[in-house]
Amino acid sequence: MRKRNVLSAAIVLLTGISAASAQVDALDTGRAIEIPTERPALERVIREALLHNPGLRAEAERLTAAEQAIAQARAQGLPTISIQGSVETSDGAYDPGAAGGALIGSLFPPTTDGEPSPLEGFGSTDTRQVQLSVTQPLFTGFKIKNGIEEARASVDVARAGFEATKQGYALRVAEAYLAVVTAQARQVALDTSLTAVAEESRAAQISFETGQNTKTDLALVNARRAAIDAQAAGAVAQLQSARANFVALAGVEPPQLDLTDAELIVPINVERAISTAMQNNAELRAAVSMVAARGAAARATKGQRAPNIQLRGTLSYGENNFLPGDQSSNATIAAELDMPFYQGGAVGASVRAASAEARASRFALTDAQLQLEAQVRGAFAEYQAAVIAQEAAKAQLNAADLAFQGVTLEREVGQRSVLDVLRVEEDLQSARLNEISARRNVILASYRLRALMGTLLRDE
């Protein structure tokens, strides 16, 4: 019987190794890695958490504020219209003196028909004025055009940055949730081990009472049970900590899901992963937009050397400005030219600085592309290793479970000791915990890869 159990365990282990080897072959040949899973629930957890995080909502409002830069840049080329008005009331008296009175009398003799003199109430007046001004830029050295392009590119940078923040936040939510689910799975595994050891403890007690075991065997079982109790207590504390971290991050309680509720959407080879990342990675898109923004800023800076031409028109009307009862109106239109001649070298320095910033952004883009490719290759390799480790962990668990069943039966017929059973049970528990960690690692590696690819929040 012992040989049969050992042979069965060896067959299971070899089967697992063969599966792992086949997995390596699939990875080497570039074939797709297919891991059967159910429709993902973790995706729903992430999207629900995105709606409750105040930090992410604050970033969304900052993006809305940044998007107003386009309208502000466009406004520089539109006409400016302003209206100015004033009403002034004064009360006083005016005495021109003897000489002044004689002069004014000769100019404005007293009337005999009852009409008021033009100077009557000269010291008390109500002055009213209104003016309408319109200014339209005609040529600004293409500063407005380039300013609009810079604003659009800057908004693209902000949008890509917000998308990168969302991707990073989604990955953090996934990590926090997987920590909760892993802690739950570990707790269940330890409870299973505790149940098995409790059964072994009852069997050892019966054997001790019948004289088949010694106190040493009973002490070994109790020691193993105490060790599992301590691990279980630690698992409870780990679960509580993981849940608290998830609530702080997501703003909601984690739902009751398990490690099979995640969909592993990964490309079939690393080259496709790199191609997808080059198109969708938010940080890389931000670097591309930054190149456009710096280029437009450099062109706008060069426009400071060009003349500025604008058209200005005014229309004004006033009452009681000089004499009581007078009225005046005026309409003007003018073309204004402002030609920079010498500004102490400030414009040249600004042009050189802007050109350097544009070149720096291009170098930064190249560096970002190289860094992203290296990161994707590393993440894809980690995913491959995690898949192989998961297959090995499954094989180890199956072999350990079969070995535990066999050694338990052998102990019942007297071919194994209690110590043998406890050792195999400890191996089985370790295999369970390793398999849980391996499943978690595969899911986490796939999500990290998708975050680099920029598809973590997409269905593709």
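Predicted model: local features only at pLDDT ≥ 70, side-chain atom pairs only at ≥ 80, totals over all residues.
Student: What percentage of the 460 residues counts as buried?
Tutor: Buried means under 20% relative accessible area, exposed means over 50%, and partly exposed lies in between, with a 1.4 Å probe and protein chains only. Of the 460 residues in the chain, the buried share is 37%.

Student: What share of the accessible surface belongs to carbon and sulfur atoms?
Tutor: Accessible areas come from the Shrake-Rupley method with a 1.4 Å probe, and for residues only the protein chains shown count as cover. The chain has an accessible surface of about 25,700 Å², and the share of carbon and sulfur atoms is 55%.

Student: Which residues of helix 2 are buried, and where do they lie around the helix?
Tutor: Helix 2 covers residues 42-50, and its buried residues are L42, E43, V45, I46, A49 and L50. Seen down the helix axis, these fall within an arc of 160°; the arc is that of the directions from the axis to the C-beta atoms. The buried residues of helix 2 therefore line one face of the helix.

Student: Which helices do those buried residues pack against?
Tutor: Contact means heavy atoms within 4.5 Å. The buried residues of helix 2 pack against helix 3 (54-66), helix 6, helix 7 (215-250) and helix 11.

Student: Is Q429 buried or exposed, and which residues does Q429 touch?
Tutor: Q429 lies in helix 11. Q429 counts as buried because its relative accessibility is 4%. Leaving out residues up to four places away in sequence, Q429 touches L190, S193, R224, I228 and Q231.

Student: How many bridges join strand 2 to strand 3, and which residue is the partner of L132?
Tutor: Two strands pair if DSSP finds at least two bridges between them. Strand 2 and strand 3 run antiparallel and are joined by eleven bridges. L132 has its place in strand 2, and its bridge partner in strand 3 is L315.

Student: What about strand 1: which residue stands opposite Q84?
Tutor: Strand 1 and strand 2 run antiparallel too, with eleven bridges joining them.

Student: Which strand gives the largest share of the nonpolar patch?
Tutor: A patch is made of residues with over 30% relative accessible area and no salt bridge; like charges are joined within 9 Å, and nonpolar side chains (Val, Leu, Ile, Met, Phe, Trp, Tyr) within 5 Å. Here I81, I83, V130, L132, V134, L315 and Y317 form a nonpolar patch on the surface, with about 620 Å² of accessible area together. Strand 1 (80-90), strand 2 (125-139) and strand 3 (308-319) each supply at least two of its residues. The largest share, three residues, comes from strand 2.

Student: Why does L132 count as partly exposed?
Tutor: L132 counts as partly exposed because its relative accessibility is 32%.

Student: How far apart along helix 6 are E149 and K145?
Tutor: A salt bridge is a side-chain nitrogen of Lys or Arg within 4 Å of a carboxyl oxygen of Asp or Glu, and the structure holds twelve salt bridges. In one of them, the side chains of E149 and K145 meet at 2.9 Å, N to O. Within helix 6 (residues 143-209), about one helical turn separates E149 and K145, because they are four residues apart.

Student: Which helices does the salt bridge between E175 and R448 link?
Tutor: The closest N and O atoms of E175 and R448 are 3.5 Å apart. This pair links distant parts of the chain, 273 residues apart: E175 is in helix 6, and R448 is in helix 11 (residues 418-453).

Methods
Residues numbered from 1 in each chain as written. Heavy atoms only, no water.
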